[in-house]
Amino acid sequence: MPEPLLYVKSMGVAAIVSAILMLTMSLVSKTANATWRSFSCTLAIGFGLAAGYHVLSLQLAWPPANALDRLLTIIVPVALGTELIAGVRPVPRWVGWLLRITLAVAIPRILLHGSVYLSGPDDGWTRWQAAALLVVSSVLLAAVWSLLSWLSQRSPGFSVPLSLCLSIQSAGMTVMMAGYIKGGAAAIPMVAALSAATIAAGLLSKRGETGLKLDAPVLLGIGVVSLFGLLFIGRFFGRISTTFALTMLLAPLLCWVTELPWLRHRKPALVGSLRLAFVSIPLIVVLLWAKRNFDREMSPLLVQTSAFTLQTY
Amino acid sequence: MRYLSSLCVMTFMIAAFMCFSSNRSSAADVYDYDPVHSSVSFKARHLDISWIHGRFNDVSGKFSLDREDPSKSTFQLTIKTDSVDTANQARDEHLRQPDYFDTKQYPTIEFKSTSVKPITGGYEVTGDFTMHGTTNKITLVMMGGEEHDFKGVKRVAFSIEHALKRSDYGFDKKAIGPIGDKALIMIDCEGVRK
């Protein structure tokens with residue numbers, strides 16, 4: 001059942017752990033080169049997530065029993081490991097991208113493992129339907145990931161990872177409003193750990209020679225994988241529509257609007273704000289629509305048992 | 001001649017064995033679950049003051065009854081979780097999601113007997129009950145089992161009531177809330193054979 005106080009605690013703990021780790025790591029090595037920043041981000045997000053989920057007391061099974069278990073116990077740790085390897089300087093960039101693309105191909109298959117969708121035409125899809133969905137999903141994930149990485153390299157800043165945080169938060173709320181409470185709650189530590197790590201990395205990069213340049217592919221990698229995973233689970237195991245899922249997955253790409261000639265050379269703060277504003281527009285529309293569906297379908301099932309606890313039926 | 005007589009004896013023995021085998025296999029009557037005259041329903045406590053009732057509309061199964069040696073009888077039931085029906089569409093949609101039955105991951109609830117013991121008025125059937133990806137051994141008391149012949153169709157019926165805890169089957173403890181952990185399953189089923 002939704003427990004807002006627990007969500008706030010989990011969010012706070014995940015954010016604090018991530019931020020403290022980022023700051024501690026920056027104190028350990030003052031030079032803060034790209035490898036070290038990448039390592040710091042991975043560690044901060046990993047521990048932030050672990051602390052947040054611990055407070056949230058999500059009941060995760062091992063071996064993983066459902067898609068959310070697989071996302072949190074296999075995919076996110078593998079994504080962290082991938083970014084850790086890709087972030088090491090001697091590793092060529094193409095190796096990093098090869099690892100990322102391999103992960104993008106594997107994620108939909110891992111999430112659908114053991115479900116009706118892959119059990120054959122009697123219960124689920126035909127082999128062709130399943131293959132088509134897996135290919136399209138992987139291509140979509142890889143496309144979003146690479147386009148955001150490209151943008152982040154062209155004009156780095158807080159805004160791209162923060163736009164992913166906005167999308168993840170919206171995805172969590174939409175999944176929750178559609179009735180999958182645990183799935184929606186899983187977004188909370190992700191948003192908190194990523195936001196805290198992004199802000200801390202941004203503040204720390206100000207100290208360095210790079211000015212406001214925030215070059216941390218880890219933030220993008222974990223953000224994109226988490227967003228995709230939540231939406232995929234919400235669409236195929238929960239009850240969110242394909243339109244909602246696609247809108248929220250593609251919304252961060254609206255950051256590209258600021259690459260238009262008359263916006264591109266504005267002040268970084270203005271560009272960042274515009275990016276977040278552009279990304280927020282479709283997300284707000286989806287959230288309002290999801291709230292309308294919730295009021296119509298799910299709300300009559302809820303009983304308010306105390307000021308902070310909503311329980312079903 | 002001697003060769004011929006031993007051939008006859010062997011043929012007789014094989015024939016006798018085959019007859020014996022076929023008699024033994026025909027001792028078990030195999031029935032198909034009759035969805036028209038059967039129901040699988042459940043109820044769970046709401047806020048510990050009342051009961052919420054529901055049913056599963058898509059059920060199939062098979063049982064073979066060996067009346068001479070009941071321990072050789074077998075029972076098998078498959079329930080499609082997607083067919084959950086609590087007379088409230090929004091609640092049914094919610095129950096299908098991963099917080100509850102997770103019907104896309106666990107499309108069926110299954111029972112397969114492993115041993116059968118006759119009792120007064122029915123059978124005590126022990127078997128593997130799989131729900132939400134977790135299998136536990138349970139014992140069902142199945143009352144009934146007498147065969148009725150109606151217009152050439154032979155029918156047998158059983159009534160079962162069984163209490164289980166959702167938490168024993170890997171349901172999220174946080175999703176239990178005001179709906180009690182304990183649920184009562186009621187199965188009234190008819191089996192048919194020509």
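Tutor: In this predicted model, 29 residues of chain A are in contact with 21 residues of chain B. On the chain A side, four elements each supply at least two residues: helix 3, helix 7 (181-185), helix 12 (268-298) and strand 2 (309-312). Helix 7 of chain A gives the largest share of that side, 3 residues. Sorted by class, the side of chain A that touches chain B holds 16 nonpolar, 9 polar and 4 charged residues.

Now consider the chain that this side belongs to. Chain A contains 12 helices and 2 strands. Read from the N terminus, the order is α-α-α-α-α-α-α-α-α-α-α-α-β-β. The radius of gyration of chain A is 19 Å, close to the 20 Å that the globule rule gives for 313 residues, so chain A is as compact as a globular protein of that length. Along the principal axes, the C-alpha atoms of chain A fill a box of roughly 55 × 50 × 45 Å. Of the 313 residues in chain A, 48% are buried. If we take the contacts in chain A between residues at least 6 apart in sequence, 77% of them join residues at least 24 apart.

Two helix pairs show how chain A is packed. From helix 1 of chain A, the residues making the contact include Leu6(A), Val13(A), Val17(A), Leu21(A) and Met25(A). From helix 2 of chain A, they include Leu43(A), Phe47(A), Gly48(A), Ala51(A) and Val55(A). In the contact of helix 1 with helix 2 of chain A, 16 residues are nonpolar, 6 are polar and 1 is charged.

The second pair is helix 5 (residues 127-154) and helix 9 (residues 217-236) of chain A, which pack at an angle of about 150° with their axes 10 Å apart. Helix 5 of chain A and helix 9 of chain A are therefore roughly antiparallel to each other. Helix 5 of chain A also passes helix 9 of chain A in a right-handed crossing. On the helix 5 side, Ser137(A), Leu141(A), Val144(A), Trp145(A), Leu148(A), Ser149(A) and Ser152(A) take part. They meet Pro217(A), Leu220(A), Val224(A), Phe228(A) and Phe232(A) of helix 9 of chain A. The contact of helix 5 with helix 9 of chain A divides into 9 nonpolar, 3 polar and no charged residues.

The loop runs between helix 2 and helix 3 (67-86) of chain A, and Pro63(A) is in it. A cis peptide bond joins Trp62(A) and Pro63(A), with omega about 0°. Ser57(A) lies in the loop between helix 2 and helix 3 of chain A as well. Its phi is near 50°, a positive value in a residue other than glycine. As background, most residues other than glycine have a negative phi, and most peptide bonds are trans. Is Ser57(A) buried, exposed or partly exposed? Ser57(A) has 13 other C-beta atoms within 10 Å, so it is partly exposed.

That leaves the partner. Chain B has 2 helices and 11 strands. Along the sequence, the pattern of chain B is α-β-β-β-β-β-β-α-β-β-β-β-β. Buried residues make up 27% of the 194 residues in chain B. For contacts in chain B with a separation of 6 or more, 52% come from residues 24 or more positions apart.

Chain B also has a residue with a positive phi that is not a glycine: Lys151(B), at about 55°. Lys151(B) is placed in the loop between strand 9 (134-150) and strand 10 (153-165) of chain B. This residue counts as exposed because it has 4 C-beta neighbours inside 10 Å.

Technical notes:
Residues numbered from 1 in each chain as written. Chains lettered and ligands numbered in written order. Predicted model: local features only at pLDDT ≥ 70, side-chain atom pairs only at ≥ 80, totals over all residues. Contact = placed C-beta atoms within 7 Å. Nonpolar A, V, L, I, M, F, W, Y, C, P; charged D, E, K, R; others polar. Rg over C-alpha atoms; globule rule 2.2 N^0.38 Å. Buried ≥ 20, exposed ≤ 12 C-beta atoms within 10 Å, placed from the backbone. Axes fitted to C-alpha atoms, helices over the stretch in contact; angles between N-to-C directions. Parallel < 35°, antiparallel > 145°, perpendicular 65-115°, else oblique. Left-handed = near helix turned anticlockwise from the far one by under 90°.
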